[in-house]
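Reader: I have a model open and want to go through it before setting anything up. Can you take my questions as they come?

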Amino acid sequence: MQISQSQIEQVNKQIQALVNAKSFYGKKLADAGITGISSAEDFESLPFSEKADLRDAYPLGLMTAPEDKIVRIHSSSGTTGLPVIIPYTRKDVDDWATMFARCYEMAGITKEDRIQITPGYGLWTAGIGFQAGCEKLGAMAIPLGPGNTEKQLQMMMDLKSTVICATSSYALLLAEEIEKRGIRDKICLKKGVIGSERWGEAMRKRISTELGIELYDIYGLTEIYGPGIGINCKYDTGMHYWDDYIYIEIIDPVTLKPVPDGEQGEIVITTLVKEGAPLIRYRTHDLSKIIPGECPCGSKYPRLGVIMGRTDDMMKIKGVNVFPSQIEEVLSEIPDASSEYQIRISHLDGKDTMRLYVEAVSGHVDFAELGQHIAEKVKGKIGFTPIVKIVELGMLPRSEKKSKRVIDERYE
Ligand code: ZN
C-alpha cells in the first residue's frame, strides 16, 4: 500500500505545520533539515516517532496549532513515568467523530440503534469517542462508562440496548453474568463493538455465541485520535481503515524497513489532516498486516488484519520468540479449552520454564488428557513443550481493564 501523490501532499502540509509551530516534532524535522517530501522514497526516509519522544514533549510540547484553537486534550497513560498529552482542535474532535460514525455505519449500526457505552470517560479517548461517534451518527447513546455490572444489566434490559461497546474482557464478563442469571431472553443486543485490546478467536466465539450478537473490532490509539480509525465490516476480512485521515505502513520491527502487503510487521501511522498534534511515522508497536486485494463488501478503504499482539509482548523463552497470539491460536482450535489462559515464565536450575494455565470449558473434561493435547499443539507452534496446567472454568482472573496474561518471574 504505497503512499499516493495526494497523501504525499497532505504529509507535506503536516510537515510545514510542525516546522512552523516549532513543536517538539517540528524542531526534530527542522534540525534534520526536512522541509517536505516529493516521493514514496522520501517518505520512507522520514524519521520515526516513538511514544518515548511524545513523553519527552510533556506537557504540551506536541501542540502544533495556536492555543486559541485547542479545545481539548486527551492523555494516554504511561505505565511508567509521564503520560503523553495530545491536544485536539475543534476540527480534530470533529474529524474523529466523523471517523467513528463511519465505523458504526461499517458495522451496520443506524440511528435507530441504542448504543450502551462501557469504556471509561475522562482523560482516556475511549468513552468520549464512542459517544461522539454515536451522536454524529444520530443513534441513542447510553453512556454508562465502566464497571457496575448490576446497573449495566438493568439498563441493558430496561432501555433495550441494541449495541454494546466494551473491551473484550468486559464483554466476556457481561456475557457470563447474563448466562449465570438466565436473563438472555430479556437482552436485545444485536451487535458488539469491541476495542482496545488484542483478543483471540476463541474468546470472540464465546462472546458472540453467549450473547447471540455480531462482533466488530474497532482499532485506534490515543496518540492518533483514539479508537475509531478502523473497523471490520460484516464480511470480517480485516479492519477497513480511513486512508483519507491516516496513512498506514507495516514495517519489520528489527530492520525498520517496510514489508510487502500481506506480511506481518509493526503498524506505523502518519496523520494526514491533524491540526493539534500531527504525527509522522508513529510506531504503534502493534503487530498486523495489510490485507491485499478487495473486500467483498465493495468498500474502497484498505484493510488491516487483526492485531496479533505487540512487538513488546514478544517473549524470549529458551531463545525462541513467542507471542501470546500463538497460544491463543492453539486454544481457539481446541473445543474443550476456554479462551482464558495465563502464562508464567520462570528460570529454574539454569533453564527457562514456561507454564501455561488454561481453563477447561467444563468439569466433564479429562484435565490430564486435555493438558497433554495442548502441550503437544503448543510445541508444534513454538518448538518447545510448555508445562500445561488445566484449571476449572472461572479460575483465572477476569478484568474490566486489559487482561494481564503473561507473568514473567525470571527477573523478579
Ligand atoms: Zn469490507
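Reader: How many bridges join strand 12 to strand 15, and do they run parallel or antiparallel?

Author: Strand 12 (residues 282-288) and strand 15 are joined by 2 bridges and run antiparallel. Helices (H or I, at least four residues) and strands (E, at least two) are DSSP runs, numbered from the N terminus. Two strands count as paired if DSSP finds at least two bridges between them. This is a predicted model, in which local features need pLDDT of at least 70 and side-chain atom pairs count only at pLDDT 80 or more, while totals for chains, interfaces and linings use all residues. Residues are numbered from 1 along each chain as its sequence is written, and side-chain values use heavy atoms, with hydrogens and water left out.

Reader: Which residue is the bridge partner of Leu-287 in strand 15?

Author: Gly-309 is the bridge partner of Leu-287.

Reader: What is the strand order of the open sheet of 4 strands?

Author: The order is 10-11-12-15, with antiparallel pairing. Strand 10 (246-251) and strand 15 (309-310) are the edge strands, each pairing on one side only.

Reader: Back to strand 12. What is phi of His-285 near?

Author: Phi is near 65 degrees there, a positive value in a residue other than glycine. His-285 lies in strand 12 and counts as buried at 16% relative accessibility. Buried means under 20% relative accessible area, exposed over 50%, and partly exposed in between (1.4 Å probe, protein chains only).

Reader: And Leu-256, where is its place?

Author: Leu-256 sits in the loop between strand 10 and strand 11 (265-271). Phi of Leu-256 is also positive, near 65 degrees, in a residue other than glycine. Leu-256 is partly exposed, with a relative accessible area of 31%.

Reader: Which residues does a cis peptide bond join?

Author: Tyr-58 and Pro-59, with omega about 0 degrees. Pro-59 is in the loop between helix 4 (51-56) and strand 1 (70-76).

Reader: Switching to the metal. Which residues are the protein donors of the zinc ion?

Author: Cys-233 (SG), His-240 (NE2), Cys-295 (SG) and Cys-297 (SG), lying 2.1 to 2.3 Å from the zinc ion. Donors are N, O and S atoms within 2.8 Å of the metal (3.2 Å for Na, K and Ca); water is not among the atoms, so sites may look incomplete.

Reader: What is the geometry of the site, and how are the donor residues spaced in sequence?

Author: The site is tetrahedral, with angles of 103 to 116 degrees among its 4 donor atoms. Four donors count as tetrahedral if all angles lie between 85 and 135 degrees; four count as square planar and six as octahedral if opposite donors are over 155 degrees apart and all others between 65 and 115; anything else is irregular. The ideal angle for four tetrahedral donors is 109.5 degrees. In sequence, the donor residues follow C-x6-H-x54-C-x1-C.

Reader: Is Cys-233 buried or exposed?

Author: Cys-233 is buried, and so is His-240.

Reader: Now strand 5. Why is it largely enclosed by the rest of the structure?

Author: Because 5 of the 5 residues of strand 5 (residues 163-167) are buried. Val-163, Cys-165 and Thr-167 point one way, and Ile-164 and Ala-166 the other way.

Reader: What does strand 5 pair with?

Author: Strand 3 (residues 114-117) pairs with strand 5 in the parallel sense over 3 bridges, and Ile-117 stands opposite Cys-165. Strand 6 (residues 191-195) is joined to strand 5 by 5 bridges, and these two run parallel. Ile-164 stands opposite Gly-192 in strand 6.

Reader: Last topic, the whole protein. Which domains is it divided into?

Author: Domain 1 (89-311) and domain 2 (314-411), with bounds from an automatic or database domain assignment. Their C-alpha centres lie 27 Å apart.

Reader: What radius of gyration does the protein have?

Author: The protein has 22 Å, which agrees with the value near 22 Å for a compact globule of 412 residues. The radius is taken over C-alpha atoms, and the globule rule is 2.2 Å times the number of residues to the power 0.38. Of the 412 residues, 54% count as buried.
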